[in-house]
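Let's take a walk through this protein together, from its overall make-up to a few individual side chains. Please keep the viewer open as you read.

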Amino acid sequence: MGTVPAVPTPLLDVAAVARPDEWAEQVVLLDTEGHQRAWAAPGTDPGVDPALIDRLGATGKAGEVHQLPDERWLLGVGNAADAAGLRNAGATLAGALRARAERARANEIESNQSNANQNDSDQSTTQSNQNTAESEQVGSEPAPRPRENPSAADPPVALAVAELSESSRAALVIGLILGSHQFRVSQRQPPAPGRAELVVPEAELAGLLAQVEVAGALAAATALARDLASTPSDVKTPTWLVSTAADLAAGVPGLSATVWSAERLAEEGFGGLLAVGGGSSRPPALLRLDWAPPGLDMAGDGSTGDGSTGEGSTGAGSAGAGATSQPAGPRHLVLIGKGITFDTGGISIKPADGMHMMRTDMAGGGAVIAALLSIARLNLPLRVTGLVPAAENHVSGSAYRPGDIVRHYDGTTTEVVNTDAEGRMVLADALGYAVRELAPDLIVDAATLTGAMKVSLGMRTGGLFATDDRLADALLAAGERAGERWWRMPLLDHVADEVDSTIADLRQAPPGPPAISAALFLRRFTGGLPWAHLDIAGPARCDKAYDEFAVGATGFAARTMVELALGYVSR
């Protein structure tokens with residue numbers, strides 16, 4: 001089994017302050033109109049000489065970054081009202097800071113190695129010759145100019161944000177944090193991400209603190225979802241995924257976790273999950289995360305009212321006293337994420353090209369785990385349950401086959417047509433469990449479900465299917481606030497009948513438009529409740545960085561789900 005970074009990986013610390021650290025490097029924000037924004041002590045001019053801006057070729061375009069001769073930074077923010085541009089700018093600055101820290105680390109390692117070699121070669125010389133040699137070595141190349149504060153190897157940066165809107169500030173925070181995110185399996189430890197200080201007048205500080213808390217939670221959700229999806233599958237077994245989530249939940253007051261073993265899954269009839277996971281030596285598992293702040297009325301759903309989920313659950317106590325008010329929207333939201341930790345396609349095996357990226361096939365489950373953690377950390381007054389059915393879809397003599405008939409948790413039977421359509425099999429079990437056991441007001445699932453979605457919408461837009469217009473509108477609005485783009489897709493009536501089977505209740509992979517057929521299959525397990533399905537097969541992965549999205553796993557959908565919950569409690 002391989003070694004991976006600790007999850008979650010460290011992120012840039014973003015703080016709200018009325019006066020920056022005395023050693024902070026100032027960042028001058030430059031928009032495309034030539035307007036500059038920077039903090040400066042009273043009586044000083046924070047501006048950058050326009051002649052220097054011209055020599056640098058700086059235009060104010062979002063994401064342009066220059067380090068100035070006086071150790072300040074010049075950061076292009078584009079149109080300061082454009083959230084995407086602010087996320088891009090923040091991510092670019094964080095990337096530049098990380099690159100500088102990595103260069104400093106590499107230089108330090110090289111210097112230490114050079115000194116060690118020099119010491120080894122001088123062992124046979126006299127002390128006076130050694131001192132002479134060391135003096136000549138130091139004098140042969142100018143030493144870096146020391147900073148006035150010798151302890152500040154990586155000083156914080158300070159950005160004046162008083163003139164930015166609330167949404168622009170949030171976008172900048174998200175960009176700064178996600179630009180610092182890096183998941184890499186390496187023998188070298190990455191440098192510490194550092195610190196950024198957002199500066200406003202004292203009278204605005206309380207408001208900025210609240211904005212930074214929410215934006216930071218949104219960014220942390222995306223980063224954790226990236227970590228989970230990026231973890232290689234020699235480490236990321238179904239057991240690892242659910243256990244890691246449970247361990248993280250144990251550190252968040254009021255959030256509890258319950259894990260189903262393969263034996264318990266068999267006892268309780270999770271047939272879809274067992275069928276998909278049956279071909280692997282690594283058994284399937286099911287994760288349930290429960291956020292229920294104290295004082296929230298949960299009568300009528302069988303819950304204990306304290307966030308407990310009974311046998312096998314873990315938790316970290318109760319949340320703070322601020323979570324007692326009731327939301328105007330739904331009382332109980334269920335989020336479900338596909339947790340396929342590796343997908344070979346099973347007997348209907350995938351082509352080799354691109355199969356390595358199937359370590360990210362649990363991106364929907366990672367987004368749900370990350371969203372629940374952030375919702376709980378924000379202490380939102382809304383009951384939220386997360387379900388992640390986790391399995392590895394492998395090839396072996398015990399793998400499920402085309403033509404098999406599988407009985408799901410709710411008793412529905414499914415004729416297997418294609419073993420590579422495994423995501424809907426495990427989601428069907430989770431949906432049936434949610435309807436029967438949780439009595440939610442709303443259900444939202446997220447999954448890298450169909451390659452057809454990439455053909456339809458490309459790699460930057462997720463597909464949204466919904467049985468309820470208000471839920472669809474709420475998700476579209478949440479995505480807009482989060483900076484994640486969605487496009488609503490139809491649930492076509494004339495395709496719905498194709499889901500029926502002649503020898504079972506349903507056909508797993510009926511003919512017709514693949515993404516629509518998959519959504520219509522899932523709809524059969526929702527019990528008529530308001531439900532939305534998020535197909536993130538395209539935007540869950542990225543082969544070319546853009547804005548705050550990194551190459552590899554993107555963490556897409558995590559922020560949308562947190563924003564959905566925020567939207568309901570703010571009504």
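What follows is a short report on the cores, strands, helices and salt bridges of this predicted model.

## Overall make-up

The protein contains 15 helices and 22 strands. Of its 571 residues, 54% count as buried. If you look at contacts between residues at least 6 apart in sequence, 77% of them join residues at least 24 apart. The protein exposes about 23600 Å², and carbon and sulfur atoms supply 50% of that area.

In soluble globular proteins, nonpolar side chains tend to be buried together. Here the largest nonpolar core has 104 residues, and the members that touch the most others are Val14, Leu159, Leu198, Leu255, Leu335, Ile369 and Val444. Helix α5 (residues 205-230) gives the most to this core, contributing 13 residues. Apart from it lies another core, of 46 residues, which includes Leu387, Ala391, Tyr400 and Leu438.

Leaving out residues up to four places away in sequence, Leu335 touches Val368, Ala371, Leu372, Ile375, Val384, Thr385, Gly386, Leu387, Val444 and Met561.

## Strand β11, covered on both faces

How many of the six residues of strand β11 (residues 332-337) are buried? Six of the six are, so the strand is largely enclosed by the rest of the structure. His332, Val334 and Ile336 are buried on one side of β11, and Leu333, Leu335 and Gly337 are buried on the other.

Strand β11 also has two pairing partners to look at. With strand β13 (residues 383-393), β11 pairs in the parallel sense over five bridges, and Leu335 stands opposite Gly386 there. With strand β16 (residues 442-447), β11 again pairs in the parallel sense over five bridges, and here Gly337 stands opposite Ala446.

## A three-stranded open sheet

Elsewhere you can find an open sheet of three strands, in the order β14-β15-β19, with mixed pairing. Its edge strands are β14 (405-407) and β19 (506-507), each of which pairs on one side only. Strands β15 and β19 run parallel and are joined by two bridges, with Glu415 standing opposite Arg507 in β19.

Thr413 belongs to strand β15 (residues 413-415). Is Thr413 buried or exposed? Its relative accessible area is 12%, under the 20% cut-off, so Thr413 counts as buried. Beyond its neighbours within four places in sequence, Thr413 is in contact with Ile405, Val406, Arg407, Ala504, Asp505 and Leu506.

Helix α6 (residues 238-250) has 13 residues, which at 1.5 Å a residue should span 18 Å; its end C-alpha atoms are 18 Å apart, so the two values agree. The buried residues of α6 are Pro238, Trp240, Leu241, Val242, Thr244, Ala245, Ala246, Leu248 and Ala249.

Helix α14 (residues 514-523) is largely enclosed by the rest of the structure, because eight of its 10 residues are buried. The buried residues in α14 are Ala515, Ile516, Ser517, Ala518, Ala519, Leu520, Phe521 and Leu522.

## Salt bridges

The protein has 24 salt bridges in total. One of them joins the side chains of Asp290 and Arg288, at 2.6 Å from N to O, and both of these residues are buried.

Another links Asp361 with Lys338, whose closest N and O atoms are 3.1 Å apart. Asp361 lies in the loop between β12 (339-343) and α9 (363-377), while Lys338 lies in the loop between β11 and β12, so the pair ties together parts that are 23 residues apart in sequence. Asp361 counts as buried at 2% relative accessibility, and Lys338 is buried too, with a relative accessible area of 2%. These two residues belong to a network of salt bridges that links Lys338, Asp361, Glu422 and Arg541.

A further salt bridge brings together the side chains of Lys350 and Asp420, at 3.1 Å from N to O. This pair links distant parts of the chain, 70 residues apart: Lys350 is in the loop between β12 and α9, and Asp420 is in the loop between β15 and α10 (423-438). Asp420 counts as partly exposed, at 25% relative accessibility.

Definitions and conventions:
Residues are numbered from 1 along each chain as its sequence is written. This is a predicted model: local features need pLDDT of at least 70, side-chain atom pairs count only at pLDDT 80 or more; totals for chains, interfaces and linings use all residues. Side-chain values use heavy atoms; hydrogens and water are left out. A nonpolar core is a set of buried Ala, Val, Leu, Ile, Met, Phe, Trp, Tyr and Cys residues joined through side-chain atoms within 4.5 Å. Buried means under 20% relative accessible area, exposed over 50%, partly exposed in between (1.4 Å probe, protein chains only). Helices (H or I, at least four residues) and strands (E, at least two) are DSSP runs, numbered from the N terminus. Contact means heavy atoms within 4.5 Å. The expected span of a helix is 1.5 Å times one less than its number of residues. Two strands pair if DSSP finds at least two bridges between them. Accessible areas come from the Shrake-Rupley method with a 1.4 Å probe; for residues, only the protein chains shown count as cover. A salt bridge is a side-chain nitrogen of Lys or Arg within 4 Å of a carboxyl oxygen of Asp or Glu.
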